[in-house]
Amino acid sequence: MSTPPPVAASPVDRALLVTGGVGIAVFTALILASAWVYDAVVDADGVSGLDRPVLDWALGVRTPAAEYWVTAFTNLGKTVPMVILGLILTSLIGWRWRRRTAWVLMLVASAGSVTFTIVSKAMIARARPPLVDAVPPYEDSFSFPSGHTLNSTVVAGMLAYLVVWLSRTLWVRLLAVLGAVLWAGPMGLSRVFLGHHWLTDVMFAWMFGLGWLALLITVHLVVLGVQRGRQDRISQRSAD
């Protein structure tokens, strides 16, 4: 009895393998980078040596006007404003493209970000920069990681992904990505400028937030690919 010839992988299957492989590689790289920052903080060496010089630089360039406007901006990164902003924009995206999945992705992304922030602050218990170097109102929670930066990175990044996924207009996609960068980047820098966080608190938050996004986006793209492959097979059987 002759054995049947092997079934060639479909384009969808190959796309799934590539998507999963690239996504896991990006996720792994970002998590390793965040672990590198964490190790430097714990050992008080490496990149953590930049913490004090960067804070000293911020002290040297502050002005009353800059402190006022940067504080107004950084307050938008608190949990409540970020939740409200995320809900409003996710609602607009879900209404525009009629996709309930947008809500699921945003809720999972935000819940994971907030949970990790709370747990890691309690576990690592790193002290913030001295109050004498900070701009009021002062923070009383632990420093590592920066919750403003982590949550802003995740919420803004997920909003950008949803737009890139659903929109077919190039300039809208580019604007969404640019908006996410111009929100999460300055949000992290504002925390250092005001003396509420060390630079490494922010660096870790950026890297870990992007890693969390990479994992969620990879899983979502793989699920979409599996659904597309199932629909293609059903269509092919119907045609036969």
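1. Which residue forms a salt bridge with R52, and how far apart are the closest N and O atoms? The partner is D56, with the closest N and O atoms 2.8 Å apart. This is a predicted model. Both residues sit in helix α2. They are four residues apart, about one turn of the helix. R52 is partly exposed, with a relative accessible area of 32%. D56 is also partly exposed, at 37% relative accessibility.

2. D133 forms a salt bridge with R52, and here the closest N and O atoms are 2.9 Å apart. D133 lies in the loop between α5 and α6 and R52 in helix α2, so this pair ties together parts that are 81 residues apart in sequence. Is D133 buried or exposed? D133 is buried, because its relative accessible area of 10% is under the 20% cut-off. R52, by contrast, counts as partly exposed.

3. Next, R191 and E139. Their side chains meet in a salt bridge of 2.9 Å, N to O. The pair links distant parts of the chain, 52 residues apart. R191 is in helix α7, residues 170–193. E139 is in the loop between α5 and α6. R191 counts as buried, at 1% relative accessibility. E139 counts as partly exposed, at 25%. As background, side chains of opposite charge can pair when their charged atoms come close.

4. The salt-bridge tally covers the whole structure. How many salt bridges does the search find? It finds five. A network of salt bridges also links D51, R126 and D201.

5. Where is there enclosed space? The count comes to one cavity of 30 Å³ or more. The largest cavity holds about 50 Å³ of space. Its lining includes R191 and E139, the two residues whose side chains meet in a salt bridge. Also among the lining residues are T71, T74, N75 and K78. V135, P136 and P137 line the largest cavity too, as do H148, L194 and H196. Rolling a probe the size of a water molecule over the atoms shows where empty space is left.

6. The peptide bond from P136 to P137 is cis, with omega near 5 degrees. P137 lies in the loop between α5 (101–124) and α6 (147–166). Both P136 and P137 line the largest cavity. Another cis peptide bond joins F144 and P145, where omega is about -5 degrees. P145 is found in the loop between α5 and α6 as well. For context, most peptide bonds are trans.

7. Which phi values call for a look? A44 has a positive phi of about 55 degrees although it is not a glycine. A44 is found in the loop between α1 (11–43) and α2 (51–61). At 63% relative accessibility, A44 counts as exposed. R98 also has a positive phi of about 55 degrees, and it is not a glycine either. R98 is placed in the loop between α4 (79–97) and α5. R98 counts as exposed, at 62% relative accessibility. Most residues other than glycine have a negative phi.

8. T153 is found in helix α6. Is T153 buried or exposed? T153 is buried, with a relative accessible area of 4%. Which residues is T153 in contact with, leaving aside its neighbours within four places in sequence? They are A184, W206, G209, L210 and L213.

9. The surface carries a nonpolar patch. W171, L175, V177, L178, V181 and L182 form it, with about 620 Å² of accessible area together. L178 is found in helix α7, the helix that also holds R191. L178 counts as partly exposed, at 45% relative accessibility. R191 is buried, at 1%.

10. In brief, the points to inspect by eye are these. R52 forms a salt bridge with D56, and D133 forms one with R52. R191 and E139 meet in a salt bridge and line the largest cavity. The bonds from P136 to P137 and between F144 and P145 are cis. A44 and R98 have positive phi.

Key. Residues are numbered from 1 along each chain as its sequence is written. This is a predicted model: local features need pLDDT of at least 70, side-chain atom pairs count only at pLDDT 80 or more; totals for chains, interfaces and linings use all residues. Side-chain values use heavy atoms; hydrogens and water are left out. Helices (H or I, at least four residues) and strands (E, at least two) are DSSP runs, numbered from the N terminus. Buried means under 20% relative accessible area, exposed over 50%, partly exposed in between (1.4 Å probe, protein chains only). A salt bridge is a side-chain nitrogen of Lys or Arg within 4 Å of a carboxyl oxygen of Asp or Glu. Contact means heavy atoms within 4.5 Å. Patches are made of residues with over 30% relative accessible area and no salt bridge: like charges are joined within 9 Å, nonpolar side chains (Val, Leu, Ile, Met, Phe, Trp, Tyr) within 5 Å. Accessible areas come from the Shrake-Rupley method with a 1.4 Å probe; for residues, only the protein chains shown count as cover. On a 1 Å grid over the protein atoms alone, a cavity is a set of points where a 1.4 Å probe fits but cannot get out, and a pocket is an open set with protein on both sides within 12 Å along at least five of seven lines; lining residues have an atom within 4 Å of a point. Grid points are joined across faces, edges and corners, and a volume is the space filled by probe spheres set on the points.
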